[in-house]
Amino acid sequence: MARRPGAPAAYGEEFTFVSPLVKYLLFFFNMLFWVISMVMVAVGVYARLMKHAEAALACLAVDPAILLIVVGILMFLLTFCGCIGSLRENICLLQTFSLCLTIVFLLQLAAGILGFVFSDKARGKVSEIINNAIVHYRDDLDLQNLIDFGQKKFSCCGGNSYKDWSQNMYFNCSEDNPSRERCSVPYSCCLPTPNQAVINTMCGQGMQALDYLEAGKVIYTNGCIDKLVNWIHSNLFLLGGVALGLAIPQVTYPLVGILLSQILVNQIKDQIKLQLYNQQHRADPWY
């Protein structure tokens with residue numbers, strides 16, 4: 001049949017603007033993070049159920065288990081939109097997915113800028129976290145093990161000094177404290193003893209009542225804050241590499257997701273225009 005002069009060339013019915021490569025690449029890209037989100041939720045729920053005390057890790061602003069669950073659920077919903085939107089070629093879901101990724105990327109960018117601008121306040125935040133951890137030392141076994149590991153690793157005791165342990169109700173030096181550990185420090189503050197077969201968990205007994213010189217013969221007297229800051233300064237390249245390794249997937253996921261979703265949305269719109277054009281001109285005898 002003759003084509004009307006000036007009419008655009010028609011594509012075959014089997015032609016599509018939607019690239020299978022972009023479509024399924026976006027689908028499997030989201031499927032990967034969808035599985036990761038389910039693992040995050042499962043780990044968060046398991047960690048939460050294993051906690052028997054509501055005061056667990058109360059030194060932190062948010063329980064890591066709860067944070068893991070919330071982030072996992074949000075990530076699950078976001079990747080669900082990406083998976084179904086790409087598979088079903090749904091513009092609404094793809095636009096929602098792209099918008100959410102844009103917000104995530106902007107939030108990450110803002111967090112990075114704020115972290116750089118207020119880097120001088122990092123020491124104060126570290127001090128606050130360590131002091132709160134000291135207060136809740138006996139409230140959670142995981143927190144207790146973490147503090148003991150840190151004090152052994154960095155050869156330190158307390159936040160600014162070993163006397164910071166008086167903030168804990170069990171180690172407080174007040175006369176009305178009935179605890180057997182009154183005015184003591186945890187065993188992890190004690191200096192290592194060569195060839196010691198059994199750990200003396202009471203080696204820090206009464207150490208807070210001694211001055212620095214006397215206490216220094218038995219325990220570490222320097223605080224962990226200075227030790228931690230010095231360790232960070234001496235391992236900047238290592239920490240920078242680790243931070244870069246963690247930052248790459250966090251930045252890559254939003255950017256790649258936004259790029260692929262927008263390409264697919266434009267292809268779907270072109271395909272819709274083609275279908276409408278074919279429907280309008282299918283009955284045209286001059287088409």
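**View 1. Transmembrane regions from the UniProt record.** The unreviewed UniProt entry places the feature "transmembrane region" at residues 24–47, 59–87, 93–118 and 236–260. The model shown is predicted. Over residues 24–47 the chain is 100% helix and 0% strand. The end C-alpha atoms of this stretch are 34 Å apart.

**View 2. Helix H1, end to end.** Helix H1 covers residues 20–50, 31 residues in total. At 1.5 Å a residue, H1 should span 45 Å. Its end C-alpha atoms are 45 Å apart, so the span agrees with expectation.

**View 3. An aromatic cluster.** Trp34, Phe76 and Phe80 are linked into a cluster by ring pairs.

**View 4. The Tyr162–Tyr212 ring pair.** The model holds eight aromatic pairs, counting ring centres within 6.5 Å. In one of them, the ring centres of Tyr162 and Tyr212 are 5.2 Å apart. Their planes meet at 80°, so the pair is edge-to-face; the cut-off for that class is over 60 degrees. Tyr162 sits in the loop between helix H5 (141–154) and helix H6 (212–215), while Tyr212 belongs to H6. The pair therefore ties together parts that are 50 residues apart in sequence.

**View 5. Accessibility of the two tyrosines.** Tyr162 is buried, at a relative accessible area of 0%. Tyr212 is partly exposed, with 44% relative accessibility.

Key. Residues are numbered from 1 along each chain as its sequence is written. This is a predicted model: local features need pLDDT of at least 70, side-chain atom pairs count only at pLDDT 80 or more; totals for chains, interfaces and linings use all residues. Side-chain values use heavy atoms; hydrogens and water are left out. UniProt positions are given in the numbering used here, feature names are shortened, and annotations may be inferred rather than shown by experiment. Helices (H or I, at least four residues) and strands (E, at least two) are DSSP runs, numbered from the N terminus. Rings of Phe, Tyr and Trp (its six-membered ring) pair if their centres lie within 6.5 Å; planes under 30 degrees apart count as stacked, over 60 as edge-to-face and the rest as tilted. Buried means under 20% relative accessible area, exposed over 50%, partly exposed in between (1.4 Å probe, protein chains only). The expected span of a helix is 1.5 Å times one less than its number of residues.
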